[in-house]
Amino acid sequence: MAAYLATTDELALPLGEAEFARLDLPNRLAVLRARTSGRIVFTTSFGIEDQAVGHAIFTQGLPIDVVTLDTGRLFPQTYDVWAETERRYGATIRALYPDHRRLETLIAEQGIDGFRNSVAARQACCGVRKVEPLRRALAGAAAWITGLRADQSHARAQTHFLAIDSVHRVIKVSPLADWSRERVAAYVKAESIPYNVLHDQGFLSIGCAPCTRAVKPGEPERAGRWWWEREEKKECGLHGRLAPSVASPAGAPIPLRKD
Ligand code: SF4
């Protein structure tokens, strides 16, 4: 089976969107692994989508680097499901932490909960606690797997199975892009996958504790994230500029934007 190399100047998709769409979740990950040269990183926040993806990786023993970004502000329940996941699969999940100098500077400048003061202050906190550690997690990787779903929010509606992330210079893979939340929940239940108990208490999307609340019935899935902000497009900065792969056949090199 041919493998396509990621280079510093261009990235080649290991398979096409149509082929990817026909596969079930375990095979999406297995075929991706088989056709990709180099390190593949899966970043998990232990939300229900990530638990489904992690299950498919661990139960197949795929050589994929499973990492989490521990911001230091996570819910106790998130650490519980982290530990339970390690027990269930006999794995140790690699954690990346904020650079302590940057964090100390941030806290000195804005205080411990300064992220509530403005969108810029919040983005600065996410930058130190999430975005910079993610950059280190993806350094030198060929591909990055996420648990994004297209129907999570307007901002994520254009999520593709495969895309070129020109910021991190990796192929970004979202194997649940076409799954609904109900389908994820059914899969987790059928496979007895451990999940964060906060999901049973109205927390549909779970991030840092001070920046996440439960959502009311009928509210958008991500309405509980940074709920005090008015901006519709609320993201932490992990999922930035992408060149989607829809028109790109497998193996066709896609030049990276130099931005
Ligand atoms: S979600 Fe909140 S606490 Fe977590 S990194 Fe972003 S601003 Fe900071």
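**Close-up views of a predicted model**

In E7, Val173 is the bridge partner of Leu162. The model is predicted, with local features requiring pLDDT of at least 70 and side-chain atom pairs counted only at pLDDT 80 or more, while totals for chains, interfaces and linings use all residues. Residue numbers start from 1 along each chain as its sequence is written.

View 1. Helices (H or I, at least four residues) and strands (E, at least two) are DSSP runs, numbered from the N terminus. Strands are said to pair if DSSP finds at least two bridges between them. Strand E6 (residues 162-165) pairs with E7 in the antiparallel sense over 4 bridges. Their hairpin has 4 residues between the strands, and Arg169 there takes a positive phi near 55 degrees. E5 and E7 run parallel and are joined by 3 bridges. Val173 in E7 is the bridge partner of Ile145.

**View 2. Strand E2 between E3 and E5.** E2 is joined to E5 by 3 bridges, and the two run parallel; Ile40 stands opposite Ala143 in E5. E2 also pairs with E3 in the parallel sense, over 3 bridges, and here Val41 stands opposite Asp65 in E3. In a regular strand the side chains alternate between the two faces of the sheet. E2 is covered on both faces, with Ile40 and Phe42 buried on one side and Val41 and Thr43 buried on the other. A residue is buried if 20 or more other C-beta atoms lie within 10 Å of its own, exposed if 12 or fewer, and partly exposed in between, with C-beta atoms placed from the backbone.

**View 3. Helix H3 and its surroundings.** Helix H3 (residues 48-60) has 13 residues and reaches 19 Å from its first C-alpha to its last, close to the 18 Å expected at 1.5 Å a residue (the expected span is 1.5 Å times one less than the number of residues). Of the 13 residues of H3, 10 are buried, among them Ile48, Val53, His55 and Ile57. The buried residues of H3 pack against helix H2 (25-35), strand E2 (40-43), strand E3 (65-69), helix H4 (76-89), strand E5 (143-145) and helix H7 (181-190). Contact here means C-beta atoms, placed from the backbone, within 7 Å. Just after H3, Gly61 takes a positive phi of about 60 degrees.

**View 4. Glu191 and His55.** Glu191 lies in the loop between H7 and strand E8 (242-244). Glu191 counts as exposed because it has 12 C-beta neighbours inside 10 Å. From C-alpha to C-alpha, Glu191 and His55 are 8.6 Å apart in space, and they are 136 residues apart in sequence.

**View 5. The kinked helix H6.** Helix H6 (residues 119-138) has a kink of about 50 degrees centred on Gly127, the bend at a residue being the angle between axes fitted to the seven residues ending there and the seven starting there. The buried residues of H6 include Cys125, Cys126, Val128 and Arg129. Those buried residues pack against E2, E3, strand E4 (94-96), helix H5 (100-110), E5 and strand E7 (170-173). Just after H6, Gly140 takes a positive phi of about 80 degrees.

**View 6. The shell around the ligand.** The ligand is surrounded by 13 residues, the closest being Cys125, Cys126, Arg129, Cys208 and Cys211 (near means a C-beta atom, placed from the backbone, within 6 Å). The shell divides into 7 nonpolar, 2 polar and 4 charged residues. Ala, Val, Leu, Ile, Met, Phe, Trp, Tyr, Cys and Pro count as nonpolar, Asp, Glu, Lys and Arg as charged, and the others, Gly among them, as polar.

Technical notes:
Two residues are in contact if their C-beta atoms, placed from the backbone, lie within 7 Å.
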